[in-house]
Amino acid sequence: MCGIVGYVGPQGALDVVLEGLRRLEYRGYDSAGVAVLSDGELSTAKKAGKLANLEKVLAEEPLPSSTIGIGHTRWATHGGPTDRNAHPHLSADGKVAVVHNGIIENFALLRAEIEATGTEFSSETDTEVVAHLLAAVYRETPAGEGRLAEAMRAVSRRLDGAFTLVATHADEPDTLVASRRNSPLVVGIGETADGTAEYFLGSDVAAFIGHTRNALELGQDQVVELHRTRGATVTDFAGAPVEPTSYTVDWDAAAAEKGGYPWFMLKEIAEQPQAVADTLLGRLGESGELVLDEVRLSDQELRDIDKVFVVACGTAYHAGLIAKYAIEHWTRIPVEVEVASEFRYRDPVLDRSTLVVVISQSGETMDTLMALRHAREQKARVLAICNANGSTIPRESDAVLYTHAGPEVAVASTKGFLTQVVACYLVGLFLAQVRGVKYEDEIAAIVDDLRRLPEAVAKVLEQMEPVRELGRELADANTILFLGRHVGFPVALEGALKLKELAYIHAEGFAAGELKHGPIAVVDQGTPVVVVVPSPRSRNSVHGKVVSNIQEVRARGARTIVIAEEGDEDVVPFADHLIRVPRTPTLMAPVVTTVPLQVLACEIADTRGFDVDQPRNLAKSVTVE
Ligand code: M6R
């Protein structure tokens with residue numbers, strides 16, 4: 001939530017900062033703003049709404065040229081999405097400009113203290129207290145190298161809550177400082193063609209990927225000073241030097257472009273066969289065994305596990321629900337799945353022999369991070385499934401399995417989800433392999449099934465035109481229901497979530513078996529009901545029951561939209577719309593059945609004229625609780 005950018009170097013700062021904001025806009029789009037420092041004076045421009053509004057303002061009233069600047073795209077928490085509350089915020093003396101992501105929990109107390117000195121506030125934000133405090137503490141800090149960083153450390157020590165702060169001071173034309181606690185921030189280190197050093201700050205690497213792929217990770221409670229000639233200096237909040245970890249970003253700027261698609265979401269849907277293949281790459285051995293060297297838990301630790309929790313939010317939680325079916329079936333270890341925001345507040349039973357699998361595309365979701373920390377405090381082992389390299393969640397986990405989906409820019413997760421599901425299969429099967437609960441040939445047969453998934457997803461994508469047409473027809477629907485059973489139930493939940501978040505249509509996913517216990521009362525003449533049908537070949541024989549459910553809703557006037565595998569003829573008489581998917585083993589069916597639901601939601605939203613990539617009220621990564 002909220003995108004932050006900073007730059008100091010030889011280039012025109014405003015252009016670099018605006019480019020970074022364009023790439024980070026998916027983190028929040030309630031307002032945008034920039035500040036640049038030129039001839040000892042800070043100038044700002046800020047505007048409510050999307051970045052385009054700010055760009056219009058800048059075209060009419062350009063800012064002075066500068067080689068140091070900061071910028072922000074906002075997802076509002078304290079104070080409405082107005083011009084006044086847009087970041088950057090300035091101190092009363094106009095010397096300090098600050099941008100912030102997170103929530104400063106003791107801001108009311110600090111605000112009262114500052115107001116008591118006669119300072120007037122110009123916004124309702126929690127952030128503004130930092131601008132005033134920083135200016136005041138700077139004045140009292142002895143002049144010399146590192147003065148602004150010293151002031152930032154002193155201010156950071158007074159703040160409670162979660163924050164990434166980036167600040168610049170009118171008297172320090174060569175310095176940017178940033179502070180980080182529980183909110184994301186990465187440093188980019190680059191060099192222009194003539195060899196001049198330049199430094200970037202971003203909520204994630206997308207902010208500067210067009211300039212450099214060399215990045216530094218910042219840990220918790222650390223302050224970084226970026227100085228034009230002295231370079232990057234990192235300390236903890238007490239001032240002790242810290243050696244930061246550097247890494248190279250393994251994707252380039254083109255991966256974060258639309259590549260000719262009208263929406264990032266469409267591009268990301270189309271990338272799914274490759275993303276699934278990349279997530280499997282190097283992990284399926286030639287003799288049909290799994291090779292997960294990066295899971296840094298010893299075989300003994302994995303053998304000692306007697307319970308698994310899967311903890312995540314939103315779409316990642318739905319991936320976790322699918323994981324339960326696969327892990328329990330393959331390993332016979334009991335699995336509980338829980339939304340991260342509930343997990344730690346109900347005192348779950350955890351110990352050394354519990355494996356907690358946290359799933360997060362961004363690696364920065366605050367609820368998931370807090371659940372992870374709680375699990376580790378209780379001595380449980382934590383394995384992260386994550387897409388973003390160098391993010392907080394994998395850094396704080398005992399082990400990590402990266403999905404290799406590449407950057408996911410659209411707020412609605414698609415390739416992130418599919419690769420999370422695949423990573424869950426890998427974890428389940430790996431546990432079965434290490435614990436010896438499956439014969440080698442059984443593992444090898446499942447590995448073969450996994451190898452076929454990218455092709456199966458590609459095949460689904462080839463047949464999406466009728467789904468798009470259906471999406472255009474359903475654009476005026478008031479309610480759409482989704483039914484599924486077994487692994488089809490989480491798919492139904494995911495289909496409903498996609499539709500809600502993109503098309504703002506009331507949608508609900510149900511376990512099909514629950515239909516007659518209440519939900520069927522919602523069905524009326526013409527109500528669209530999407531049914532995810534299990535394979536008729538599945539051994540647990542729920543297929544027949546779901547076919548009966550289709551008839552039951554149809555008898556009450558529903559317009560049935562049936563997703564069924566090729567060759568399933570039982571559903572044909574009862575399907576008003578039939579969407580075919582390739583035959584896939586029961587547990588792996590979600591990888592193909594989810595795809596039409598993504599396409600459907602995208603098309604409905606587009607037909608209704610909504611911004612598919614940036615739905616209202618949402619942000620890509622939820623970094624506050
Ligand atoms: O980055 P994460 O995977 O931790 O994000 C979790 C959810 O916020 C995310 O999946 C959200 O539900 C998406 N907008 C769904 O499309």
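Which residue in S21 is the bridge partner of Gly 484? I looked this up in the predicted model and found that Gly 484 has Ala 511 as its bridge partner in S21.

Next I turned to the pockets. For the largest pocket I recorded a volume of about 780 Å³ and a lining of 44 residues, with Trp 251, Asn 387, Ala 388, Asn 389 and Pro 407 nearest its centre. Helix H7 gives the most to this lining, with three residues, and by class the lining divides into 17 nonpolar, 14 polar and 13 charged residues. Because domain 1 (3-254) and domain 2 (261-451) both give residues to the lining, I place the largest pocket between them.

The second largest pocket has a volume of about 620 Å³. I counted 30 lining residues there, of which Cys 313, Gly 314, Thr 315, Lys 620 and Val 622 are the closest to its centre. Its lining draws at least three residues from each of domain 2 (261-451) and domain 3 (458-614), and comprises twelve nonpolar, twelve polar and six charged residues.

Last, I checked Glu 41, which lies in strand S3 (residues 41-48) and counts as exposed because its relative accessibility is 55%.

Definitions and conventions
Residues numbered from 1 in each chain as written. Predicted model: local features only at pLDDT ≥ 70, side-chain atom pairs only at ≥ 80, totals over all residues. Heavy atoms only, no water. Pairing = 2+ DSSP bridges. Helix = DSSP H or I, 4+ residues; strand = E, 2+ residues; numbered from the N terminus. Buried < 20%, exposed > 50% of the residue type's maximum accessible area, 1.4 Å probe, protein only. 1 Å grid on protein atoms, 1.4 Å probe; cavity = no way out; pocket = protein on both sides within 12 Å on 5 of 7 lines; lining within 4 Å. Points joined across faces, edges and corners; volume = space filled by probe spheres on them. Nonpolar A, V, L, I, M, F, W, Y, C, P; charged D, E, K, R; others polar. Domains from an automatic or database assignment.
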